[in-house]
Amino acid sequence: MASPDYYETLGVARGAKPNDIRKAYRRLARKFHPDLNPGDKSAEERFKKIQEAYDILGDPKKKQMYDQFGFYSASGAPGGQEGFRAGPEMGFGGFDFSDLFSGAGSRATGGSSNAFRDMFSQFFSRGAHGTEARGPERGSDLEYGLSVDFWQAIRGTQVRLDINRQEVCDVCGGSGKHGGQSAVCPECNGSGTVTQIAGAMRFSLSCPRCGGQGRLRDSCEKCHGDGRLSKAETVEVRIPQGVKSGDRLRVPGKGNSGAGGGAAGDLYITVRVEPHPFFQREGDDIEIRVPVTVSETGLGAKIEVPTIDGRALLKVPQGTHSGQRFRLREKGVFNARKGVRGDQIVEVLVQSPKVRDERTKEILRELATLNPEDPRAELWSKV
């Protein structure tokens, strides 16, 4: 099966910079996040593909491997093709690797001869015999969805969100070592080998983290050598005034803890605002539809209309038609970024009078006599 084109999934060019890749991911995550598309299986599947693409392209090492070979397995080694297998039982004897670093090797793999050098140097530079030479690595970001009601979004609020994140082990302080017993190596899951695939060839190599032993010596008994533990945590999140569906809030340092003393990632929360049965929000404006009587529109009137702040007076001019829209300045949603409020748009709907007696009928007949104009005359002239 052909490997997916992660650049195409995120809608960016192959030469896109990390910042462009990150922006594309955030834009698509806001659009297809399952919490913003409840019950939409296609959106959920699309979000999974977007997340998978960003997991590769958002990591410099994985991106480099993907750019060189066109694929990368979820385990951290390139994968997706079957080919030559060189296992521990046969070592590398009987296979001449010199061709891999010559022009012939380049033609066989479809890449440069330096690609293999880069791959092996990256793979083995992490150390051997259970030690690691990795420097500090920033922790990964976390993505959560959060639903708030209409009034919480309009006025702003403080909510408590339960998350699961990786935290630095409190026993070993993140080193992964604490004089404990040996533990299963998390790199190879105890097998002692990891798989690397390049082009049409598949290599089974000794794990660089545990030296092929499958276990780590003197590893921390609590985190089993990883240096981090998954823990549940309740985070206080401030929902700013005027937040709208699709907005993405950032809580610094509340992502997964970094490895090797690296900084923690961030927590990103995509907001979904529950709709209101009467107030309709369009950007920073609030739209409502209000019924008015024939006499109010015919004679003109001042009527009370609801707003998100309470009641307000609206002047209905004489001769107002049904469907006409009026604007109440600065009666909409406060935009914290711009420091201004939107407006409220009021659409009036003329209601016909209820005819309950003969006197009302007489008045309506008299009104028809005094106003004989055909309201559909202009309509027929356009047909």
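Q: In reading a patch of charge, which helix should I look at, that is, where does the largest share of the positive patch come from?
A: The largest share of the positive patch, 3 residues, comes from helix H2, and please keep in mind throughout that this is a predicted model.

Q: Which residues gather in this patch of positive charge on the surface?
A: The residues that gather there are Arg-27, Arg-30, Lys-31, Arg-46, Lys-49 and Arg-337. Two elements each give two or more residues to the patch, namely helix H2, covering 18–32, and helix H3, covering 41–57.

Q: Is Lys-49 buried or exposed?
A: A residue is called exposed when its relative accessible area is over 50%. Lys-49, which lies in helix H3, has a relative accessible area of 51% and is therefore exposed.

Q: How should I read a salt bridge, and what does Lys-48 pair with?
A: The general idea is that side chains of opposite charge can pair when their charged atoms come close. Here Lys-48 forms a salt bridge with Glu-44, and their closest N and O atoms are 3.9 Å apart. Both residues belong to helix H3, where they are 4 residues apart, about one turn of the helix. Lys-48 is partly exposed at 45% relative accessibility, and Glu-44 is also partly exposed, with a relative accessible area of 27%.

Q: Which strands hold Arg-165 and Glu-233, a pair that links distant parts of the chain?
A: Arg-165 forms a salt bridge with Glu-233, the closest N and O atoms being 3.3 Å apart. Arg-165 sits in strand E3 (residues 157–168) and Glu-233 in strand E8 (residues 228–239), so that the pair, 68 residues apart, links distant parts of the chain. Both Arg-165 and Glu-233 are buried.

Q: In what sense, parallel or antiparallel, does E18 pair with E12 and with E15?
A: Strand E12 (residues 285–293) pairs with E18 in the parallel sense over 8 bridges, and within that pairing Val-292 stands opposite Val-350 in E18. Strand E15 (residues 325–328), by contrast, pairs with E18 in the antiparallel sense over 4 bridges, with Phe-326 opposite Val-346 in E18.

Q: How many residues lie between E13 and E14 in their hairpin?
A: The hairpin formed by E13 and E14 has 2 residues between the strands. Strand E13 (residues 301–307) and strand E14 (residues 310–316) pair in the antiparallel sense over 7 bridges, and Ile-303 stands opposite Leu-314 in E14.

Q: Which residues form the nonpolar patch on the surface?
A: Val-355, Leu-364 and Leu-367 form it, with about 220 Å² of accessible area together. Val-355 lies in the loop between strand E18 (344–351) and helix H9 (358–370), and its 40% relative accessibility makes it partly exposed.

Q: Is Cys-207 buried or exposed?
A: Cys-207 lies in the loop between strand E6 (201–206) and strand E7 (215–216), and at 1% relative accessibility Cys-207 counts as buried.

Technical notes: Residues numbered from 1 in each chain as written. Predicted model: local features only at pLDDT ≥ 70, side-chain atom pairs only at ≥ 80, totals over all residues. Heavy atoms only, no water. Pairing = 2+ DSSP bridges. Patch = residues over 30% accessible without salt bridge, like charges linked within 9 Å, V, L, I, M, F, W, Y side chains within 5 Å. Areas by Shrake-Rupley, 256 points an atom, 1.4 Å probe, with all protein chains shown as cover. Salt bridge = Lys/Arg side-chain N within 4 Å of Asp/Glu carboxyl O. Lys, Arg positive; Asp, Glu negative; His and termini not counted. Charge placed at Lys NZ, Arg CZ, Asp CG, Glu CD. Buried < 20%, exposed > 50% of the residue type's maximum accessible area, 1.4 Å probe, protein only.
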